[in-house]
Each structure stands twice: as C-alpha cells, then as structure tokens.
Amino acid sequence: MELLTPGVGLIAWQALIFLTLFFVLKKFAWKGILSALSEREEEISSALKMAEETRAEMAKLKSDNEKLLAEARAERDQMIKDAKETTNRMVSDAKDKASSEANKIMSDARATLAQDRTAMISDLKKEVASLSIEIAEKVIKRELTSKDAHSNLVTELIGEANLN
C-alpha cells in the first residue's frame, strides 16, 4: 500500500523539480516553442491563403479558357458558314453561267438552222425554177415546131399580159 500513497517528502521534491523545470522551460524554451508554433501557424495560414488564391486563379483561368474555347468555336462556325455561303454562291454562279451559255448556244444553233433552212429553200426554189424553165423550154420546143402554133402562142400570151 505504500506505493499507492506517496510520502510528503516525495511530493515536495516532485513539486520542486516540476517548478524548477517549469521556470527553466519558461525562461529559455517557452518563447522558442511559442514562436515556432506561431511561425508554423502563419505558414499554414499563408499556405491555406495561397491555396485559396490558386484555386480562385484556377477558376478564373478555367473560365477564361472556356470563354476562349467558346470564341474559337464561334469563329470556326462563322468560318464554316462563310465557306458554305461562298461555295453555294460559286456553284450558283457556275450554274447561271452554264445556263446562259447553253441558252446562247441554243439560240445560235436555232439562228444557224433558220439561216440554213432559208438558204436551202432559196436554193430549192432556184433549182425548181431552173427545172421548170428547162421543162417549159422542152415542152415549148416540141409544141411549137410549126409556125402556126408559134404565132398562136405569142398572141395568146400578149392577150394574157394585157389582162394582168
């Protein structure tokens, strides 16, 4: 039971050693420990503050990146739209030009055909007239072999000429 109840001398010596140790620590070590703790606290708070600033900066950079991406997408979409419009315009212009050239070729071909037809009709008329004259000459030569027939034809033609 002696171990459970310490003596008065032991308690006094322990109190004296504790107080001595307390004053020595307070005199020499307490300021160092407190300054180390406050430095550590400041480092931790500055690290937290820096982390918060970095987080805010990262959020700002992310928003800037998203804004740049949106602008780039819009610019890309505009470029694609412009390219499509240019392509459509070029195709439309090419179609219009081809159509106008086809119409011109068709009208030129029609005009050429009309000229050729007119020339062919004129040639045909000349040929028919020439053949008619030749046939008439041959018929008249056969019929007018005699002078009486010749005289009758001349008077008949003179009579018709006066009527017209």
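A residue is called buried under 20% relative accessible area, exposed over 50%, and partly exposed in between, judged with a 1.4 Å probe and protein chains only. The structure described here is a predicted model, in which local features need pLDDT of at least 70 and side-chain atom pairs count only at pLDDT 80 or more, while totals for chains, interfaces and linings use all residues. Residues are numbered from 1 along each chain as its sequence is written, and side-chain values use heavy atoms, with hydrogens and water left out.

The element to follow is helix H1, which covers residues 8–143. Helices are DSSP runs of H or I with at least four residues, strands are runs of E with at least two, and both are numbered from the N terminus.

The account may begin with the nonpolar side chains. Phe18, Leu19, Phe22 and Phe23 make up a nonpolar surface patch whose accessible area together is about 440 Å². A patch takes residues with over 30% relative accessible area and no salt bridge; like charges are joined within 9 Å, and nonpolar side chains (Val, Leu, Ile, Met, Phe, Trp, Tyr) within 5 Å. The areas come from the Shrake-Rupley method with a 1.4 Å probe, and for residues only the protein chains shown count as cover. Leu19 belongs to helix H1 and, because its relative accessible area is 42%, is classed as partly exposed.

A pair of aromatic rings is described by the distance of the centres and the angle of the planes. Rings of Phe, Tyr and Trp (its six-membered ring) pair if their centres lie within 6.5 Å; planes under 30 degrees apart are stacked, over 60 edge-to-face, and the rest tilted. Two aromatic pairs occur in the structure. One of them is the stacked pair of Phe18 and Phe22, with 6.4 Å from centre to centre and 20° between the planes. Both residues lie in helix H1, four residues apart, which is about one turn of the helix. Phe18 is exposed at 54% relative accessibility, and Phe22 is partly exposed at 39%. Phe22 also pairs edge-to-face with Phe23, at 6.0 Å centre to centre and 65° between the planes. Phe23 is exposed, because its relative accessible area is 55%. Through these ring pairs Phe18, Phe22 and Phe23 are linked into a cluster.

Charged side chains come next. Glu39, Glu41, Glu42 and Glu43 form a patch of negative charge on the surface. In this count Lys and Arg are positive and Asp and Glu negative, whereas His and the chain ends are not counted; each charge is placed at NZ of Lys, CZ of Arg, CG of Asp or CD of Glu. Glu39 is partly exposed, with a relative accessible area of 47%.

Side chains of opposite charge can pair when their charged atoms come close. A salt bridge requires a side-chain nitrogen of Lys or Arg within 4 Å of a carboxyl oxygen of Asp or Glu, and the structure holds two. Arg55 and Glu52 form one, at 3.0 Å from N to O. These two residues are separated by about one helical turn because they are three residues apart in helix H1. Arg55 is exposed at 55% relative accessible area, whereas Glu52 is partly exposed at 45%. A salt bridge also joins Asp77 to Arg76, with the closest N and O atoms 3.2 Å apart. Asp77 is partly exposed at 41%, and Arg76 is partly exposed at 45%.
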